[in-house]
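Good morning, and thank you for making time for this item.

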Amino acid sequence: YELGSKNEFFFGDVKARLNASAFYNDYTDQVFTSILSVQQIIDFQNLLGNNIPVPPNTSTGLVVSYSYNAADSEIYGVNIEGGLQLPSNLNLDFNALWLEAKIKNSQQIQDFRFQADVAPNEAVFQSIDGKRLPRTPRWQLNAALSQQIEAKNGSFDWVISAGYRSSTFQSIFNSEDFQQPDNPRLRLNDVVKGYWTFDLGAGYSHGDDGKLRFEVYANNL
């Protein structure tokens, strides 16, 4: 579900654009992928009441990629984006996103950060209710300042952009140490801290048709 408004207007002599929207996504039976041993998958299905036939001579210690419907989740937020057409062909564009993305209802899943044949007491079923979905920053900010300069036989242009991503988890367990909650082990810390990026680009288009173009750019300045 999404509700928004798109607007163009003049702020004095400056043409402006301002769009905003609020959204809500309701997921049922969201698919997750884990790296599990065949034995872990058998245990997982048995917990659900499913009898999984195993062919003779199957190595249950074999580790495979396993996808399954694990949980319901909800994702909602607000997005604001806009821009200003400034004098001298300068343009300022921006975008801001606030995002919540959490598990709303789930079955317990095996802690796939551990292998059952190595750490059987830790590769057990755990609750992920209320956990934040992996790789979903709460804040995302982007801004770009650009300009086009007409020349005798073509045009020059340049852009400077900046982006920010707040911290994210890289697994559905959100760095939780179920065995040592008061003294979590650093090896289970899957947080990527918030960071900024700065990029720069410039170009020259030759001729009226612009078919000949030269560009230079630098990412992650």
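Let me begin with a definition: a residue is called buried under 20% relative accessible area, exposed over 50%, and partly exposed in between, with a 1.4 Å probe and protein chains only. Helices (H or I, at least four residues) and strands (E, at least two) are DSSP runs, numbered from the N terminus. Please note that this is a predicted model, in which local features need pLDDT of at least 70 and side-chain atom pairs count only at pLDDT 80 or more, while totals for chains, interfaces and linings use all residues. Residues are numbered from 1 along each chain as its sequence is written, and side-chain values use heavy atoms, with hydrogens and water left out.

We start with helix 1, which spans residues 38-47. Its buried residues are Val-38, Gln-40, Ile-41, Ile-42, Phe-44 and Gln-45. What covers them? Contact here means heavy atoms within 4.5 Å. The cover of the buried residues of helix 1 includes strand 2 (14-37), strand 3 (63-86), strand 5 (109-110) and strand 6 (125-126). Just after the helix, Gly-49 adopts a positive phi of about 85°.

I turn now to the nonpolar core. The term denotes a set of buried Ala, Val, Leu, Ile, Met, Phe, Trp, Tyr and Cys residues joined through side-chain atoms within 4.5 Å. The largest such core has 19 residues, and those touching the most other members are Phe-32, Tyr-68, Ile-103, Ile-109, Ile-128, Leu-133 and Ile-172. Two or more residues each are given to this core by strand 2, helix 1, strand 3 and strand 4 (90-106). Strand 3 supplies the largest share, with 5 residues. As general background, nonpolar side chains in soluble globular proteins tend to be buried together.

Tyr-68 is buried, with a relative accessible area of 8%. Setting aside neighbours within four places in sequence, Tyr-68 is in contact with Gln-30, Val-31, Phe-32, Ser-34, Phe-44, Gln-107, Ile-109 and Phe-112.

This residue also brings us to the aromatic rings. Rings of Phe, Tyr and Trp (its six-membered ring) pair if their centres lie within 6.5 Å; planes under 30 degrees apart count as stacked, over 60 as edge-to-face, and the rest as tilted. How many aromatic pairs does a search of the whole structure find? The search returns 9. One of them joins Tyr-66 and Tyr-68, a stacked pair at 5.2 Å centre to centre with 25° between the planes. Tyr-66 is likewise buried, at 12% relative accessible area. Elsewhere, ring pairs link Tyr-1, Tyr-24, Tyr-76 and Trp-98 into a cluster.

Next, the largest pocket. On a 1 Å grid over the protein atoms alone, a pocket is an open set of points with protein on both sides within 12 Å along at least five of seven lines, and lining residues have an atom within 4 Å of a point. The volume of the largest pocket is about 150 Å³, where volume is the space filled by probe spheres set on the grid points, which are joined across faces, edges and corners. Its lining consists of Phe-32, Thr-33, Ser-34, Phe-112, Leu-133, Pro-134, Arg-135, Gln-170, Ser-171 and Ile-172.

Arg-135, from that lining, has a positive phi of about 60° although it is not a glycine. Arg-135 lies in the loop between strand 6 and strand 7 (139-151) and is exposed, at 55% relative accessibility. Asn-57, also not a glycine, has a positive phi of about 65°. Asn-57 sits in the loop between helix 1 and strand 3 and is exposed at 83%.

Leu-97 belongs to strand 4 and is buried at 15% relative accessibility. The C-alpha atoms of Leu-97 and Leu-141 are 6.5 Å apart, although 44 residues separate them along the chain. Ser-106 is also in strand 4 and is buried at 18%. Not counting residues up to four places away in sequence, Ser-106 touches Ala-70, Ala-71, Ile-128 and Asp-129.

Notes:
1 Å grid on protein atoms, 1.4 Å probe; cavity = no way out; pocket = protein on both sides within 12 Å on 5 of 7 lines; lining within 4 Å.
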